[in-house]
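Welcome, and thanks for taking a look with me. Below are a few friendly notes on aromatic rings and their neighbours.

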Amino acid sequence: MTRLPFELFLGLRYLKPKRTFVSVITLISLSGVAIGVWVLIVVIAVMSGFDRELREKLMGMHAHVTVTSGGLIEHSDKVLQKVLETSHVTAASPFAMGLVLIEFEHRVATPYLKGIDPQREVTVSQLATYIKEGSLDLAGDKVVIGRELASQYGIFLGDKITVYSPRNLEKKGDEVYLPMELTVTGIFESGMYEYDVGLIFASLETAQELYSLGNAVHGIEIRTDDPIDGARTVADVLNKKLTRPLRAQTWAELNQRLLGAIQVEKSVMFFILTFIIIVAAFGIMSTLITVTVQKTREIGVMKALGAASGKILRIFVLQGFIVGVFGVAIGLGLGLLTVHNINPINHFLSRVVGIDLFPRDIYNFPSIPAFLTLRDLLTIGGSALVICTLAGLLPALRAARLEPVEALRYE
């Protein structure tokens with residue numbers, strides 16, 4: 001039979017349940033650690049899932065780099081040529097974009113209309129893969145709309161929608177511009193509510209006509225060989241190559257507020273929820289202080305028999321560590337189980353309380369995204385273990401400094 005080290009043997013023996021108040025506090029402290037780790041894993045997994053899914057959706061609907069001028073780009077062909085000659089650039093496509101008002105069966109909506117070259121667009125974004133009905137056919141007076149917009153307004157393939165643009169407010173003498181009728185040839189679903197309800201696609205020529213742009217465009221979208229480092233490199237090179245007011249920005253820069261907000265929320269939630277574990281650690285500390293008081297005579301006997309202060313210190317530090325190990329193990333198990341079944345749990349709770357706990361029109365996702373990395377698990381588990389171990393340090397120091405004469409004076 002394998003013999004346990006002296007310090008570990010006594011640490012386990014002192015933690016063994018004996019139907020005392022101290023044992024109850026130990027179980028409560030262990031439960032607190034487990035709950036803290038459990039909640040932390042679920043929250044961090046959801047925040048990481050949001051961040052990951054949002055990045056994928058943004059890169060699916062946006063190019064890696066976008067060149068704009070704050071106004072119109074008149075000679076887009078020359079700019080396009082310079083862009084394509086830049087290293088790490090794999091494709092580029094011009095676009096025109098702005099707000100329009102659409103009317104269908106006496107109902108109106110105000111989405112953004114993006115004019116694109118379909119053949120070039122599929123090389124810089126994943127729009128073609130998002131088409132769920134029809135096709136990406138924008139030849140002539142045709143349009144592709146989002147599934148949420150189609151669902152809310154009862155629009156189907158083949159229907160005609162009336163599009164009003166700022167051009168319809170202009171007037172030249174007695175002439176007025178009439179709205180344009182576009183035929184719906186495709187319905188896309190990106191997975192982000194904001195895009196699926198507020199963005200429609202038409203040909204670049206149609207958008208230029210609606211906005212009276214002539215041959216000008218609003219920007220040029222670029223795809224690179226790497227969406228992170230490659231995009232940053234291309235943007236830096238283009239900002240040196242292109243003349244002002246042309247400016248190149250990566251997809252992360254264009255969405256930095258949104259991405260930054262999620263990252264800040266993730267960090268803040270980690271620190272806030274860590275306090276659950278710290279509260280549990282105070283329970284561990286109070287338990288060990290009580291144990292050191294109860295075991296004063298035994299500590300005195302051990303020291304009188306030659307036990308070094310370091311051994312006594314390790315006994316009580318190990319107690320905090322052991323509670324932490326069990327609490328972290330239970331919390332990890334519950335956390336991973338919850339993350340794996342988070343959407344069924346959400347559906348069950350929504351039915352019980354009668355409220356949609358995760359409305360897609362607010363969070364932009366059809367289901368709760370959850371994603372865990374080994375780094376997150378190690379950070380959470382390691383932090384909890386360190387906090388629990390440190391909780392045993394103060395009682396351990398008290399026990400280690402106890403003199404045998406003082407401990408056995410009244411024995």
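Is F270 buried or exposed? Keep that in mind while reading; the points below come back to it.

1. A word on the model: please remember that this structure is predicted. A search through the whole of it turns up two aromatic pairs.

2. F188 belongs to strand β11 (residues 180-188) and F201 to strand β12 (residues 199-203), so their pairing ties together parts that are 13 residues apart in sequence. Both partners are worth checking for burial. F188 is buried, its relative accessible area being 0%, and F201 also counts as buried, at 2% relative accessibility.

3. The pair F270 and F271: here too the arrangement is edge-to-face, with the centres at 5.7 Å and the planes at 80°. Now for the opening question: F270 is buried, with a relative accessible area of 17%, because the cut-off for buried is under 20%. F271, on the other hand, is exposed, with a relative accessible area of 56%, since exposed means over 50%.

4. Charged side chains over rings: which residue lies over the face of F371? That is R52, at 4.0 Å from the ring centre. For F95, the residue over the face is K114, at 5.3 Å from the ring centre.

Notes:
Residues are numbered from 1 along each chain as its sequence is written. This is a predicted model: local features need pLDDT of at least 70, side-chain atom pairs count only at pLDDT 80 or more; totals for chains, interfaces and linings use all residues. Side-chain values use heavy atoms; hydrogens and water are left out. Rings of Phe, Tyr and Trp (its six-membered ring) pair if their centres lie within 6.5 Å; planes under 30 degrees apart count as stacked, over 60 as edge-to-face and the rest as tilted. Helices (H or I, at least four residues) and strands (E, at least two) are DSSP runs, numbered from the N terminus. Buried means under 20% relative accessible area, exposed over 50%, partly exposed in between (1.4 Å probe, protein chains only). A charge sits over a ring if NZ of Lys or CZ of Arg is within 6 Å of the ring centre and within 35 degrees of the ring normal.
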